[in-house]
Amino acid sequence: MSDEYGVYYRPDLVANRVRRARGMLVSRAVSTVISAGIVAACWYFWPDQFGSWAPWMIGLSVATGLATTVYSLIEFLRVRADAKLAQPGLAIGLNRQGMLIGQRWFPWPEVGSVVLKPGVLGASTSLVTTDRARATGLVPIDYTDTMPATLDAAVRVLSSGRAWVDLSRMD
């Protein structure tokens with residue numbers, strides 16, 4: 001292994017994830033409108049069969065549709081926030097002197113922890129590096145060209161065992 005290891009963002013992954021989240025948001029919003037419209041149309045054309053149940057069915061349809069749409073909106077906003085961090089280029093740089101996380105340099109003697117935190121509500125799994133003074137660097141690892149175990153091996157080797165990636169939260 002050389003004395004330098006680089007992890008780069010993959011713009012294609014970023015674009016696909018944003019496109020997928022946006023599509024899901026639009027799909028759920030349209031589905032809500034269509035399902036409420038179908039129940040309203042049935043109520044209009046067959047009032048005797050739907051009668052007093054129609055308002056409840058419309059309300060339930062709209063309530064569940066809004067809940068899933070809000071969930072998709074939160075997911076989309078989290079994906080878009082991660083996408084803003086994942087600009088094309090170097091995400092993580094490692095060498096024998098230290099590591100570059102995003103735009104922040106961490107010399108090995110100053111690295112306090114390197115933790116992989118799972119994403120929640122659409123957010124990417126994040127590599128969070130904290131130095132001894134509690135300053136942090138964050139990289140959305142799902143948008144990079146590396147696997148966590150590969151990154152852990154590179155960190156262990158290039159830091160001479162002084163640092164490693166804590167993968168325990170991924171279990």
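User: Which residues line the largest pocket?
Analyst: The model is predicted, so local features need pLDDT of at least 70 and side-chain atom pairs count only at pLDDT 80 or more, while totals for chains, interfaces and linings use all residues. Residues are numbered from 1 along each chain as its sequence is written, and side-chain values use heavy atoms, with hydrogens and water left out. On a 1 Å grid over the protein atoms alone, a pocket is an open set of points where a 1.4 Å probe fits, with protein on both sides within 12 Å along at least five of seven lines, and lining residues have an atom within 4 Å of a point. The lining consists of Tyr9, Leu85, Gln87, Pro88, Gly89, Leu90, Ala91, Ile101, Gly102, Gln103, Gly137 and Leu138.

User: How many nonpolar residues does the lining of the largest pocket have?
Analyst: Ala, Val, Leu, Ile, Met, Phe, Trp, Tyr, Cys and Pro count as nonpolar, Asp, Glu, Lys and Arg as charged, and the others, Gly among them, as polar. Strands S2 (90–95) and S7 (136–140) each supply at least two residues of this lining; strands are DSSP runs of E with at least two residues, and helices are runs of H or I with at least four, numbered from the N terminus. The lining has no charged residues and 5 polar ones, and its nonpolar residues number 7.

User: How much space lies in the largest pocket?
Analyst: Grid points are joined across faces, edges and corners, and a volume is the space filled by probe spheres set on the points. For the largest pocket, this space is about 160 Å³.

User: How do helices H1 and H3 run, roughly parallel or roughly antiparallel?
Analyst: Axes are lines fitted to C-alpha atoms, for helices over the stretch in contact, and angles run from 0 to 180 degrees between N-to-C directions. The axes of H1 (residues 11–45) and H3 (residues 53–85) come within 9 Å and cross at roughly 170°. Angles under 35 degrees count as roughly parallel and those over 145 as roughly antiparallel, so H1 is, relative to H3, roughly antiparallel.

User: Which residue in S4 is the bridge partner of leucine 100?
Analyst: Two strands pair if DSSP finds at least two bridges between them. Strand S3 (residues 98–101) is joined to S2 by 3 antiparallel bridges, with glycine 93 opposite leucine 100. S3 also pairs in the antiparallel sense with S4 (residues 104–107), over 4 bridges. There, the partner of leucine 100 is tryptophan 105.

User: Which are the edge strands of the open sheet of 4 strands?
Analyst: This sheet has mixed pairing and the order S7-S6-S5-S8. Each edge strand pairs on one side only; they are S8 (165–166) and S7.

Definitions and conventions: Parallel < 35°, antiparallel > 145°, perpendicular 65-115°, else oblique.
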